[in-house]
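Visitor: I would like to walk through this model with you. Could we begin with a single loop residue and work outwards?

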Amino acid sequence: MTAIQVDDMKCIHCQQKIEKALKLSNIAASIDLANHLVKVEEKDVENALAAIRKAGYTPSL
């Protein structure tokens, strides 16, 4: 699993928005809201970064 930092994911609404964006891109993820982390499989990293950006957030590795 690769951890993607999403510092601007601050509340449950943000988490749900990111979960929805990832689901629409068929990406399985584990989200840790308290630490602002989204964990995805290595093969999905680039697509996950794009989906999170499209949802309006700023991901970083």
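Guide: Gladly. This is a predicted model. We start with D44, which sits in the loop between β3 and α2.

Visitor: Is D44 buried or exposed?

Guide: The relative accessible area of D44 is 10%. Buried means under 20%. D44 is therefore buried.

Visitor: Which residue does the side chain of D44 join in a polar contact?

Guide: D44 lies in the loop between β3 and α2. Its side chain makes a polar contact of 3.4 Å. The partner is the side chain of K43.

Visitor: Let us step back to the whole chain. In what order do its elements run?

Guide: The chain holds 2 helices and 4 strands. From the N terminus on, the order is β-α-β-β-α-β.

Visitor: Why can the chain be called as compact as a globular protein of its length?

Guide: The globule rule gives 10 Å for 61 residues. The chain is as compact as a globular protein of that length because its radius of gyration is close to that value, at 10 Å.

Visitor: What box do the C-alpha atoms fill, and what share of the residues is buried?

Guide: Along the principal axes, the C-alpha atoms fill a box of roughly 25 × 20 × 15 Å. The chain has 61 residues, and the share that counts as buried is 38%.

Visitor: On to the sheet. What is the strand order, and which strands are at the edges?

Guide: The sheet is open, has 4 strands and pairs in the antiparallel sense. Its order is β2-β3-β1-β4. An edge strand here pairs on one side only, which applies to β2 and β4.

Visitor: How many bridges join β1 to β3, and which residue is the partner of I4 in β3?

Guide: β1 covers residues 2-6 and runs antiparallel to β3, with 4 bridges between them. For I4, the bridge partner in β3 is V38.

Visitor: How many residues lie between β2 and β3 in their hairpin?

Guide: β2 and β3 pair antiparallel over 4 bridges. Within that pairing, A29 stands opposite V40. The hairpin they form has H36 in its turn, and the residues between the strands number 4.

Visitor: What is the phi of H36, and how exposed is that residue?

Guide: H36 is in the loop between β2 and β3. Its phi is positive, near 60°, in a residue other than glycine. H36 counts as partly exposed, with a relative accessible area of 23%.

Visitor: Take N26 next. Is N26 buried or exposed?

Guide: N26 belongs to the loop between α1 and β2. Its phi is positive too, near 60°. The relative accessibility of N26 is 71%. Exposed means over 50%, so N26 is exposed.

Visitor: Now the helices. At what angle does α1 run to β2, and α2 to β1?

Guide: α1 lies across β1, β2 and β3, at about 170° to β2. α2 lies across β1, β3 and β4. Its angle to β1 is about 20°.

Visitor: Which element gives the largest share of the largest nonpolar core?

Guide: That core has 18 residues, and I4, V6, I18, L22, V38 and I52 have the most contacts inside it. The elements giving two or more residues are β1, α1, β3 and α2. The largest share, 5 residues, comes from α2.

Visitor: Which residues does I18 touch, leaving out those up to four places away in sequence?

Guide: I18 is one of the residues with the most contacts inside the core. Its partners beyond that sequence range are V6, M9, I31, V38, I52 and Y57.

Visitor: One last pair. How far apart in space are A50 and A28?

Guide: A50 is in helix α2 and is partly exposed, with a relative accessible area of 41%. A50 and A28 are 22 residues apart in sequence. From C-alpha to C-alpha, they are 14 Å apart.

Conventions:
Residues numbered from 1 in each chain as written. Predicted model: local features only at pLDDT ≥ 70, side-chain atom pairs only at ≥ 80, totals over all residues. Heavy atoms only, no water. Buried < 20%, exposed > 50% of the residue type's maximum accessible area, 1.4 Å probe, protein only. Pairing = 2+ DSSP bridges. Contact = heavy atoms within 4.5 Å. Axes fitted to C-alpha atoms, helices over the stretch in contact; angles between N-to-C directions. Polar contact = N/O pair within 3.5 Å; in protein donor to acceptor, adjacent residues only side chain to side chain. Core = buried A, V, L, I, M, F, W, Y, C linked by side-chain atoms within 4.5 Å. Rg over C-alpha atoms; globule rule 2.2 N^0.38 Å.
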